[in-house]
Amino acid sequence: MENTRQLVERINALFVEGNMESFMDYLAEDVIWEMFTSSSGHTVLHGKKEVSEMDGSDMPEHTGFEFGTIVVDGETASVQGKSTGKLKDGTDYHGHFCDVYHFRNNKIAKIESYVIDSRKP
């Protein structure tokens, strides 16, 4: 059984690899994902099905992630970092994020994502 830090490090590696199928294996069926972004405001996804059907059409292509500080407190962990990529119109993308993961039985029960990006409205 992985501890919370190991779970977060594995999930980060899946993002770097772009392996969303394996990422989905770490989600509880009733997961809640709240996203607060500077470009699109507040979004809440309820359940693994909604996460799997998430519309990523406004997300950057060829995203690179650089993970920084990981803070763990029991079954909760936060990760801050940066991401880069290209938008569909060719514009460079640079973002900063903090994700807070709440685990239950080694599955992600809730994610809170805070993202500041350079996309223009």
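Does Phe23 count as buried or exposed, and at what relative accessibility? Phe23 counts as buried, because its relative accessibility is 1%; buried means under 20% relative accessible area, exposed over 50%, and partly exposed in between (1.4 Å probe, protein chains only). The structure is a predicted model, in which local features need pLDDT of at least 70 and side-chain atom pairs count only at pLDDT 80 or more, while totals for chains, interfaces and linings use all residues. Residues are numbered from 1 along each chain as its sequence is written, and side-chain values use heavy atoms, with hydrogens and water left out.

**Overall fold**

- The chain has three helices and six strands; helices (H or I, at least four residues) and strands (E, at least two) are DSSP runs, numbered from the N terminus.
- Along the sequence these elements follow the pattern α-α-β-β-α-β-β-β-β.
- The radius of gyration is 14 Å, close to the 14 Å that the globule rule gives for 121 residues, so the chain is as compact as a globular protein of that length. This radius is taken over C-alpha atoms, and the globule rule is 2.2 Å times the number of residues to the power 0.38.
- Taken along the principal axes, the C-alpha atoms fill a box of roughly 45 × 30 × 25 Å.

**Burial, contacts, surface and charge**

- Of the 121 residues in the chain, 37% are buried.
- Among contacts between residues at least 6 apart in sequence, 45% join residues at least 24 apart; a contact means heavy atoms within 4.5 Å.
- The accessible surface of the chain is about 7200 Å², and 52% of it belongs to carbon and sulfur atoms. Accessible areas come from the Shrake-Rupley method with a 1.4 Å probe, and for residues only the protein chains shown count as cover.
- There are 12 positive and 21 negative side chains, and the centres of the two sets lie 2 Å apart. Lys and Arg count as positive and Asp and Glu as negative, while His and the chain ends are not counted. The place of a charge is taken as NZ of Lys, CZ of Arg, CG of Asp or CD of Glu.

**Aromatic pairs**

- Rings of Phe, Tyr and Trp (its six-membered ring) pair if their centres lie within 6.5 Å; planes under 30 degrees apart count as stacked, over 60 as edge-to-face and the rest as tilted.
- By this rule there are six aromatic pairs.
- The pair of Phe23 and Trp33 is tilted, because the ring centres are 6.0 Å apart and the planes stand at 55°.
- Phe23 lies in helix α2 (residues 20-24) and Trp33 in strand β1 (residues 27-37), so this pair ties together parts that are ten residues apart in sequence.
- Trp33 counts as buried, at 9% relative accessibility.
- Phe67 and Phe97 form an edge-to-face pair, with 5.8 Å centre to centre and 75° between the planes.
- This pair links distant parts of the chain, with Phe67 in strand β3 (residues 61-73) and Phe97 in strand β5 (residues 92-104), 30 residues apart.
- Phe67 is partly exposed at 26% relative accessibility, whereas Phe97 is buried at 10%.
- Phe65, Phe67 and Phe97 are linked by ring pairs into a cluster.

- Lys48 is in helix α3 (residues 47-52) and counts as buried, at 18% relative accessibility.
- Leaving out residues up to four places away in sequence, Lys48 touches Met24, Asp25, Leu27, Ala28, Glu29 and Val31.
- Lys88 lies in the loop between β4 (76-86) and β5 and is exposed, with a relative accessible area of 54%.
- From C-alpha to C-alpha, Lys88 and Asn106 are 35 Å apart in space, and they are 18 residues apart in sequence.
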